[in-house]
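Hi,

Here is the structure I promised to pass on to you. Have a look at it first, and then read my notes below.

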Amino acid sequence: MNVGSTRRGGSVRAGLSMGRESTRANRRRGRLLPYALILPAVLLETVVHLGPILAGIWTSLTRLTQLNIRDWTGAPVVWWDNYRSGLDPSGPIGGVLWETFLRTVAFTVLVVAASWALGMMAAYLVNTEFRGRAAFRALFLVPFAMPTFVTVIGWSFVFDRDDGALNHLLVDQTGVLDERPFWLIGGNAFWAMVVVAAWRLWPFAFLMLLAALRNVPGELYEAGVLDGASRWQQFRRITLPVIRPVNAVVILIMGLWSFNEFTVPYVLFGPQPPESATLLASLIYEHSFVNFNMGLGSAMNVLVLLFLMGVSVWYVRTFLPRTHDA
Amino acid sequence: MREGPAFRWFRRAGLTFLTLFTVLPLYVVVSSSIKPLADVEGTFSWIPERVTLAPYLDAWTTVPLARYVANTLVVSLASAALSLPVAVLAAYALARFAFAGRRAFRLVVLSTQMVPGILFLVPLFLLFTQVHAWFGVELVGSRPGLVITFLTFSLPLSIWMLTGYLAGLPREIEEAAMVDGLGYVGVVWRIVVPLATPAIVAVGVFAFIIGWGEVLFASVLTDSETRTLSIGLRGFASESTVQWNQLMAAAVLASLPVVLGFLLLQRHLMRGLASGLAP
């Protein structure tokens, strides 16, 4: 994108054409124009993003519970108390937060890995020639298009212990298992949540990677064939390196989405998921809107934000190629 | 590349697995929605023995489904409609001008989409209670309050996607219009907006779809009067006696409009996502 030349070219040309106004006045107008254009967006962003972030930082420094929630600006300032109890690994609150943090990292890694693998496989297969490609492409989009609350209700019917489709298949029909396991209670709840989250997310990887595969020049493969490379070698040596930049972005976005996951556990388990399926967003939600300890919830929000910012900056520096236009 | 039989079998197996995985929960929802209540309540059966469409009618009276639909429609439409004009202007600035602060603005737009919603929800909830204390306007539980929170995702998303589209439009048309004496306002209104109409519609639909399925904000900021579909159906599912077949029918009805919209506009939506994502 040659943005640099736009302003000069645009305003000079406009200045030449509009003889009534002096070129200088017009150039100033041209310089102010982008600010006028983004002004409404900046104002709205201030209201819905910047203001809340600042208010959140402030409340994270106060003791804000249901007792003083109606007058939160007068809540007593406790400075780092919320952070201290949140970060103390031996305290009751900090211990849970660290555990939940590690669980959320594990969840993110598993969901992103599974979604990427499924999406990559689907994109690779749909990108070959065969009859019915368009139908598969449309079908694979559906999980992404469906409202999460609908599909998760469907999954809860799959995972139900007594009457669910999965236990019916595993126990009644095939006899793989003798006992009906609980899928939505105890340790299995974590895996059920991973499956549902990956089911929802992989079509995104599929779409992005399919678009990327289409842009791989065919000559590269022809050269590969001449050199006698197998399909797998071509994938490893040609496809993956070429689509690397798209991969890096897709993995970052899926990682951030998964780390912030709230909807899947909320619909699958309710406002308070079982311990094995409690992610950071659910924990903060519980502190803020179930226990109404908003000061603590805000402090955890700030910690999550700092962590995500740090990881994103590191990731972008390490894996994203620098471009002339950022 | 030539396809050997091994690869064809690999493809068949892969596509079969992906199809079964994709269809499983959808099939459970749809097949349960056409069973009589007695057949849904027992152990799951893959093939419905008796088929009825009654749940699709009864669901409307068991829960105030029409009110849920109306609430969801109003809030999602309003947030998409509010975001779009603001986003078109900002996206045009980002796509066409170099200005001090452009990088920072772009970074803010991109990063706010990645921030967890709960980070905005807690302070917005507090700000809403403060607005109530100062001005007597109750935003918690109201539709306008929910619209404001929906802007936290619909606005940056719209700016981001539209910037990608607008940057791809040829700028010669705009330059020619300027040479013909059209001012900047005229260029945006008469040239850019008509050219980008398909993109604007697609982005609006996308923002609408996300609002339609939103759970987090709606779970805190709606009451029994303003409840949206997502929260209404979740409440439906957690009652002590649940008409499961009706719940599933309501779920099918709730997803029809967005799935159709998505499939109709998929090409536009994908191009928008892809161009916004291009590194």
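B:Trp212 is buried, with a relative accessible area of 4%, and B:Phe208 is buried too, at 15%. Buried means under 20% relative accessible area, taken with a 1.4 Å probe and protein chains only, while exposed means over 50% and partly exposed lies in between. Both residues sit in helix α9 (residues 184–212) of chain B, four residues apart, or about one turn of the helix; helices are DSSP runs of H or I with at least four residues, numbered from the N terminus.

This is a predicted model, where local features need pLDDT of at least 70 and side-chain atom pairs count only at pLDDT 80 or more, while totals for chains, interfaces and linings use all residues. Residues are numbered from 1 along each chain as its sequence is written, chains are lettered from A and ligands numbered from 1 in the order written, and side-chain values use heavy atoms, without hydrogens and water.

Now for the aromatic rings. Over all chains there are 40 aromatic pairs, meaning rings of Phe, Tyr and Trp (its six-membered ring) with centres within 6.5 Å; planes under 30 degrees apart are stacked, over 60 edge-to-face and the rest tilted. The rings of A:Trp155 and A:Phe159 have centres 5.4 Å apart and planes at 20 degrees, so this pair is stacked. Both A:Trp155 and A:Phe159 are buried. For B:Phe208 and B:Trp212, the centres are 5.5 Å apart and the planes at 40 degrees, so that pair is tilted.

One aromatic cluster is formed by A:Trp155, A:Phe159, A:Trp183, A:Trp199, B:Phe17 and B:Phe21.

Happy exploring!

Technical notes: Helix = DSSP H or I, 4+ residues; strand = E, 2+ residues; numbered from the N terminus.
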